[in-house]
Amino acid sequence: MPLRRALHFVFKVGDRSKTATFYRDVLGMKILRHEEFEEGCKATCNGPYDGKWSKTMVGFGPEDDYFAAELTYNYGVGEYRLGNDFLGLTLQSSQAVSNAKRLGWPLTEVGKALYLAEAPGGYRFYLVDKEQPPNDPVQKVCLAVSDLQKSTHYWSSLLGMKVIERHEEKTVLMGFADTQCKLELHDIGGTVDHGTAFGRIAFSCPREKLADLEALMIKENQKILTPLVSLDTPGKATVEVVILADPDAHEICFVGDEAFRQLSQMDPSGNALLDKAMAEDKSDDWFAKHNKQKASA
């Protein structure tokens with residue numbers, strides 16, 4: 001088993017209802033767990049916001065073995081500005097393609113047996129029109145970089161990812177293990193703009209290695225956004241995390257694996273909890289009643 005593993009990518013969402021439809025009904029993902037919070041996260045999991053927010057984990061199977069999407073919803077924010085930083089998540093599922101067509105969800109054919117679908121908020125998802133594999137259908141997350149050589153050095157030499165494929169000095173595919181979701185870096189030949197919708201990619205490693213990772217970043221004069229900190233989730237395991245930033249300021253969360261495996265156990269009531277939270281969310285009504293609009297971040 002590799003010492004480090006890919007966990008999830010964090011998306012900020014402004015409309016939970018439409019977002020839930022996309023992930024559940026179009027992609028066919030399951031609600032793995034759902035949590036509500038009254039104040040912002042110490043590690044800015046929900047972005048630079050202090051108010052009430054929620055976190056919904058979605059994926060094709062348990063987080064021990066499947067890459068997930070973490071959907072963060074800030075009650076007072078209705079939309080976020082997309083940058084050019086997140087270039088897409090690729091998954092293999094002919095069922096997702098079929099679902100999109102049946103539900104009238106816009107699809108664009110961009111290659112042989114390859115379709116582009118956009119999640120609410122404009123996030124790109126590439127759907128490979130082939131039978132869903134028995135293991136994780138999520139194949140890779142693609143991020144934009146401004147200097148491929150510099151970024152490859154960071155992710156391989158400092159974070160320990162192995163280079164799997166290179167394409168014409170423009171794209172590098174990397175991963176901690178062949179069986180995990182991969183990271184694809186694509187050189188856009190210019191500045192990476194994170195907008196306000198910027199996400200975060202998360203990985204785990206043994207808890208005792210977190211301090212070593214932080215020390216390495218300090219030694220190499222690399223940016224640390226959140227020094228090693230403990231995060232409490234009521235009734236669940238306390239996890240330790242350190243948040244890094246790569247040369248293009250992509251946020252990277254490393255979390256202690258042992259506690260995260262306890263924290264991330266699938267909650268059978270996750271689906272009902274999300275539906276309940278959406279039904280009780282009167283924030284849109286409040287803003288409409290006061291003739292106001294939710295903030296555009």
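Modeller: Let's start with the record: an unreviewed UniProt entry carries the annotation "domain: VOC" for residues 5-130 and 137-257. UniProt positions are given here in the numbering of this structure, feature names are shortened, and such annotations may be inferred rather than shown by experiment. Keep in mind that this is a predicted model, where local features need pLDDT of at least 70 and side-chain atom pairs pLDDT 80 or more, while totals for chains, interfaces and linings use all residues. Residues count from 1 along each chain as its sequence is written, and side-chain values use heavy atoms, without hydrogens or water.

Residues 5-130 are 17% helix and 44% strand, with end C-alpha atoms 25 Å apart. For residues 137-257 the figures are 18% helix and 43% strand, and the ends lie 22 Å apart. Helices (H or I, at least four residues) and strands (E, at least two) are DSSP runs, numbered from the N terminus.

One is open and mixed, with eight strands in the order 2-3-4-1-14-17-16-15; two strands pair if DSSP finds at least two bridges between them. Its edges are strand 2 (30-37) and strand 15 (224-231), each pairing on one side only. On average, neighbours in this sheet are turned by 20 degrees against each other, direction ignored. Axes are lines fitted to C-alpha atoms (for helices, over the stretch in contact), and angles run from 0 to 180 degrees between N-to-C directions.

Inside that sheet, strand 3 (residues 53-59) and strand 4 (residues 68-74) run antiparallel, joined by seven bridges. Val58 has Ala69 in strand 4 as its bridge partner. Helix 1 (residues 16-26) lies across strands 1, 2, 3 and 4, at about 170 degrees to strand 4. Helix 4 (residues 210-219) packs on the sheet too, touching strands 14, 15, 16 and 17, where contact means heavy atoms within 4.5 Å.

Another open, mixed sheet of eight strands has the order 7-8-9-6-10-13-12-11. Strand 7 (108-111) and strand 11 (162-167) are its edges; each has a single partner strand, so one side is left without a neighbour in the sheet. Here strand 6 (residues 86-92) and strand 10 (residues 138-145) are antiparallel, with five bridges between them, and Leu89 sits opposite Val141 in strand 10.

On to the salt bridges: there are 17, each a side-chain nitrogen of Lys or Arg within 4 Å of a carboxyl oxygen of Asp or Glu. Take Arg16 and Glu36, whose side chains meet at 3.1 Å, N to O. Arg16 is in helix 1 and Glu36 in strand 2, 20 residues apart. Arg16 is buried, at 7% relative accessible area, while Glu36 is partly exposed at 32%. Buried means under 20% relative accessible area, exposed over 50%, and partly exposed in between (1.4 Å probe, protein chains only).

Arg200 and Glu251 form another, with their closest N and O atoms 2.8 Å apart. Arg200 is in strand 14 and Glu251 in strand 17, so this pair ties together parts 51 residues apart in sequence. Both ends are tucked away: Arg200 is buried at 6%, and Glu251 is buried at 15%.

Arg207 and Glu240 meet at 2.4 Å, N to O. Arg207 is in the loop between strand 14 and helix 4, Glu240 in strand 16, 33 residues apart.
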